[in-house]
Amino acid sequence: MDRLLSVNEVAELLGTTIRFPRRLIEERRIVFVKVGRHVRIPESAVTAFVTANTVQPVTRHLRSVA
């Protein structure tokens with residue numbers, strides 16, 4: 001079973017304010033679980049969100065000057 005994180009824990013993990021994970025939930029951009037009136041986010045959903053939004057650096061090839 002995946003560990004369920006609170007909104008505060010997700011914000012701390014991502015290094016953001018609490019407002020950011022709340023916005024992700026409101027916009028349905030991240031998987032979440034309702035436990036009564038509480039909202040929890042599976043740890044794997046945070047990992048998937050980070051992976052999906054990771055931008056790889058562009059590698060430039062140097063052209064030979066002839």
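**Salt bridges, a helix crossing and a surface patch**

Glu27 counts as partly exposed at 41% relative accessibility (20% to 50% relative accessible area, with buried under 20% and exposed over 50%, using a 1.4 Å probe and protein chains only). The structure is a predicted model, in which local features need pLDDT of at least 70 and side-chain atom pairs count only at pLDDT 80 or more, while totals for chains, interfaces and linings use all residues. Residues are numbered from 1 along each chain as its sequence is written, and side-chain values use heavy atoms, leaving out hydrogens and water.

Glu27 has a charged partner: it forms a salt bridge with Arg29, with 3.0 Å between the closest N and O atoms (a side-chain nitrogen of Lys or Arg within 4 Å of a carboxyl oxygen of Asp or Glu). Arg29 is itself partly exposed, at 42% relative accessibility. Side chains of opposite charge can pair when their charged atoms come close. The structure holds 2 salt bridges. Arg3 and Glu9 also meet through their side chains in a salt bridge, at 3.5 Å from N to O. Here Arg3 comes out as partly exposed, with 47% relative accessibility, and Glu9 is partly exposed too, at 34%.

Next come the helices. The crossing of helix 1 past helix 2 is right-handed (the near helix is turned clockwise from the far one by less than a right angle).

Helix 2 also carries Ile25, which is buried, with a relative accessible area of 10%. From Ile25 to Ala52 there are 27 residues in sequence and 16 Å in space, C-alpha to C-alpha.

As for the surface, Met1, Leu4 and Val35 make a nonpolar patch of about 350 Å² (residues with over 30% relative accessible area and no salt bridge, like charges being joined within 9 Å and nonpolar side chains, Val, Leu, Ile, Met, Phe, Trp or Tyr, within 5 Å; areas by the Shrake-Rupley method with a 1.4 Å probe, only the protein chains shown counting as cover for residues). Leu4 sits in strand 1, residues 4-5, and is partly exposed, with a relative accessible area of 31%.

Terms used: Helices (H or I, at least four residues) and strands (E, at least two) are DSSP runs, numbered from the N terminus.
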